[in-house]
Amino acid sequence: MKYWLFKSEPDDFSIDDLAASDKQTTFWFGIRNYQARNFIRDELQPDDLILFYHSSCAVPAVVGTAIVVSEAQTDNTAFDPQSPYFDAKSDPSKPRWLGVDIQFQRKFATPVTLRFIKQDEQLQRMYLVQKGNRLSIQPVTEDEWQRILTLGGAQ
DNA sequence: GCCAACGTTGGC
DNA sequence: GCCAACGTTGGC
């Protein structure tokens, strides 16, 4: 089992939106970066755990956790010309983009802010705070997972 | 709105 | 295969 961090813009889809989804589950679509796609295709497994991160907002922070509940599946928004995630070069017989179903686990009592992560000794090496990193799906170590959950008031 | 740091595209 | 131009991400 592995740990991950998923970024989402809360104006688009927040942890509350996930919690309010049918069965508290949603298909994670719109990943259009090859490195992130490769994580989905090659490494993400059911039962993997996710730090849910709010980006591009007033207070960027890890706001809760979720769990992977499906294998990788075709992201059909790539074939929809109406979708902002449309990709004319993705061939339906050979889908280029994938997603997984994720299910809400918990919302933190205390969001763990980017600002805090940057100055926390135990979290210095998180992918999130490495220079220039913009990946929307990132690996997280078990130690980082434990530390974030403690800080979030989940343990 | 700015801009650093990437990733992608396409001409050569 | 190189690399300049362009587009995107995302914190501030």
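Visitor: Which residues does threonine 26 touch, not counting residues up to four places away in sequence?
Guide: Keep in mind that this is a predicted model. Threonine 26 sits in strand β2, which covers residues 25-28. Leaving aside residues up to four places away in sequence, what threonine 26 touches is Phe13, Leu18, Ser21, Val100, Asp101 and Ile102.

Visitor: And is threonine 26 buried or exposed?
Guide: The cut-off for buried is under 20% relative accessible area. Threonine 26 has a relative accessible area of 16%, so it counts as buried.

Visitor: On to the rings: how are the planes of tyrosine 3 and tryptophan 145 arranged?
Guide: This pair belongs to a structure that holds seven aromatic pairs. The ring centres of tyrosine 3 and tryptophan 145 are 5.0 Å apart. Planes under 30 degrees apart would be stacked and over 60 edge-to-face. Theirs are at 35°, so the pair is tilted.

Visitor: How many residues apart in sequence are the parts that this pair ties together?
Guide: Tyrosine 3 is in strand β1 (residues 3-8), and tryptophan 145 is in helix α4 (residues 142-152). Tyrosine 3 is buried at a relative accessible area of 10%, and tryptophan 145 is buried at 4%. As for the parts they tie together, the separation in sequence is 142 residues.

Visitor: Tyrosine 34 and tryptophan 97 also form a pair; which of these counts as partly exposed, and which as buried?
Guide: Their rings are tilted, 4.8 Å centre to centre with 35° between the planes. Tyrosine 34 comes from helix α2 (residues 34-42), while tryptophan 97 is in the loop between β5 (73-74) and β6 (98-113). Tryptophan 97, at 4% relative accessibility, counts as buried. The partly exposed one, at 42%, is tyrosine 34.

Visitor: Which residue has a polar side-chain atom 2.5 Å from a phosphate oxygen of DNA strand C?
Guide: The residues around DNA strand C include Tyr53, Ser56 and Lys118. Tyrosine 53 has a side-chain N or O atom 2.8 Å from a phosphate oxygen, and serine 56 places a polar backbone atom 2.8 Å from one. The side chain at 2.5 Å is that of lysine 118.

Conventions:
Residues numbered from 1 in each chain as written. Chains lettered and ligands numbered in written order. Predicted model: local features only at pLDDT ≥ 70, side-chain atom pairs only at ≥ 80, totals over all residues. Heavy atoms only, no water. Near = heavy atom within 4 Å. Polar contact = N/O pair within 3.5 Å; in protein donor to acceptor, adjacent residues only side chain to side chain. Helix = DSSP H or I, 4+ residues; strand = E, 2+ residues; numbered from the N terminus. Buried < 20%, exposed > 50% of the residue type's maximum accessible area, 1.4 Å probe, protein only. Contact = heavy atoms within 4.5 Å. Phe/Tyr/Trp six-rings, centres within 6.5 Å; stacked < 30°, edge-to-face > 60°.
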